[in-house]
Amino acid sequence: MKEWWVQVGLLGVPLLAVYLHVPPPQPSAPLRSWAASGTFFSYKGRNIFYRDSTGAVGSSDVVILLHGFPTSSYDWNKIWEGLTQRFHRVIALDFLGFGFSDKPRPHRYSIFEQARLVEGLVRHLGLGHHRLNLLAHDYGDTVAQELLHRYEHNKTGSILINSLCLSNGGVSKLLFFPGLEQFLGPTHNPHRQNSGICPWRHHPKGFPFSVLQYMNQRKKHRDRWVGALVSTSVPLHLIYGPLDPVNPHPEFLQLYRKVLPTSTVSVLDDHISHYPQLEDPMGFLNSYLNFINSF
C-alpha cells in the first residue's frame with residue numbers, strides 16, 4: 001500500500017479542484033443513460049434518485065442495492081442485468097448527498113437518516129409488507145446494519161429483511177476502527193474511474209463534506225451495528241475482495257469469521273480489491289446468487 005502521505009495527496013487533487021471552482025466533468029454517455037432510466041421520489045422535501053427494474057418472471061423476490069462512499073448507485077451497473085434475471089425487482093438509490101440525489105448544505109448527514117430514506121423508498125414503492133433482500137457495499141454496509149437493527153428490534157417503519165449480503169468496506173471500519181491511511185486506501189483504486197460518477201459531479205456547489213460524519217458515527221454506534229450482525233437470524237453473507245487496503249487480508253477475514261461465525265463468506269480472486277462488483281462483476285454476481293439460492 002502506498003505511503004499515507006501519497007494517498008492524502010491523491011485525494012487532495014480533486015478536493016483542490018472543487019475549492020478552486022473547477023467545473024465538474026460532463027457525465028459520460030453510460031451515466032446519462034443510467035440517469036434517464038431512473039426517477040426521483042421526494043423524501044422530506046429532498047429529491048432522491050432511484051432505479052427500479054422489473055426482471056425475472058415467476059419470481060417475487062426483490063433486492064435493494066445500497067452503494068458505498070463516495071460514489072452512487074451506478075456502482076451496481078455491471079451486475080444489474082444479471083440481477084434482473086434472478087429477481088422480480090432490482091432497486092437501487094443514490095443516498096442523500098450522493099450521485100443524482102440532492103446534496104443539501106449545510107446538513108447533518110447521518111447513517112440513521114439514510115436508513116430512514118431507504119424505508120421511505122420502500123413505502124413509496126408499496127413494498128412495506130414484502131420481505132426484501134439487501135445487497136450492500138462500503139458505506140451501504142453500515143446503512144444495512146442500521147436497517148437490520150431496526151428490523152430485529154421492531155422499530156416503527158422498519159423494513160422486512162429476508163437476507164443481507166455485505167461487501168468490502170463498512171464492516172472492517174466497525175471491527176478495526178482503521179486509521180486515515182486505511183480509509184483513504186480505496187481513493188486511488190484504478191477501478192473507481194469505472195464507477196463513472198464523482199461525489200461532487202452533479203452539484204454546482206460541490207460535494208457536501210459533512211457526509212464524512214459517518215466515520216465518527218461508526219465509532220459511536222459500534223455496539224449497535226456490530227450487535228445487529230451478531231444477534232440476527234437473517235441469512236448473512238460477505239463477498240470479499242482480499243486485495244483491499246481497507247479490509248486487510250488475512251486479518252480482516254479472520255476477525256470477521258471469529259465475530260460472525262454463522263455468516264457465510266465468498267472470497268474472490270487475490271487481485272480483487274475494494275470494488276469487487278466492478279473489478280470482478282461475474283465473480284461477485286455468482287457469489288451473490290449462490291448465497292441467495294442457498295436458503
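1. Contact here means heavy atoms within 4.5 Å. On that basis, among contacts in the chain between residues at least 6 apart in sequence, 81% join residues at least 24 apart.

2. This is a predicted model, in which local features need pLDDT of at least 70 and side-chain atom pairs count only at pLDDT 80 or more, while totals for chains, interfaces and linings use all residues. Residues are numbered from 1 along each chain as its sequence is written, and side-chain values use heavy atoms, with hydrogens and water left out.

3. The chain has twelve helices and eight strands, taken as DSSP runs (helices H or I, at least four residues; strands E, at least two) and numbered from the N terminus. Buried residues, meaning those under 20% relative accessible area with a 1.4 Å probe and protein chains only, make up 56% of the 295 residues.

4. The eight strands form an open sheet of mixed pairing, in the order β1-β2-β4-β3-β5-β6-β7-β8, where two strands pair if DSSP finds at least two bridges between them. Because β1 (39–43) and β8 (264–267) stand at the edges with a single partner strand each, one side of each is left without a neighbour in the sheet. The twist averages 25 degrees from one strand to the next, with axes fitted to C-alpha atoms and angles running from 0 to 180 degrees between N-to-C directions.

5. Two strand pairs may be checked individually. Strands β3 (residues 62–66) and β4 (residues 89–93) pair in the parallel sense over four bridges, with V63 opposite V90 in β4. By contrast, β1 and β2 (residues 46–54) run antiparallel and are joined by five bridges, with T39 opposite Y50 in β2; their hairpin has two residues between the strands, and K44 takes a positive phi near 50 degrees there.

6. Helix α10 (residues 251–259) packs on the sheet, touching β6 (160–167), β7 (236–240) and β8, and its direction makes about 175 degrees with that of β7. F252, L253 and Y256 are buried in α10; they cover an arc of only 95 degrees around the axis, judged by the directions from the helix axis to the C-beta atoms, and so lie on the same side of α10. The face turned away from that buried side carries Q254 and K258, which are exposed (over 50% relative accessible area).

7. Q145, which lies in helix α5 (residues 139–152), deserves a separate look. Q145 is buried, with a relative accessible area of 0%, and a polar atom of its side chain lies 3.0 Å from the backbone oxygen of W225.

Key. A polar contact is a pair of N or O atoms within 3.5 Å; within protein, one must be able to donate a hydrogen and the other to accept it, and residues adjacent in sequence count only if both atoms are side-chain atoms.
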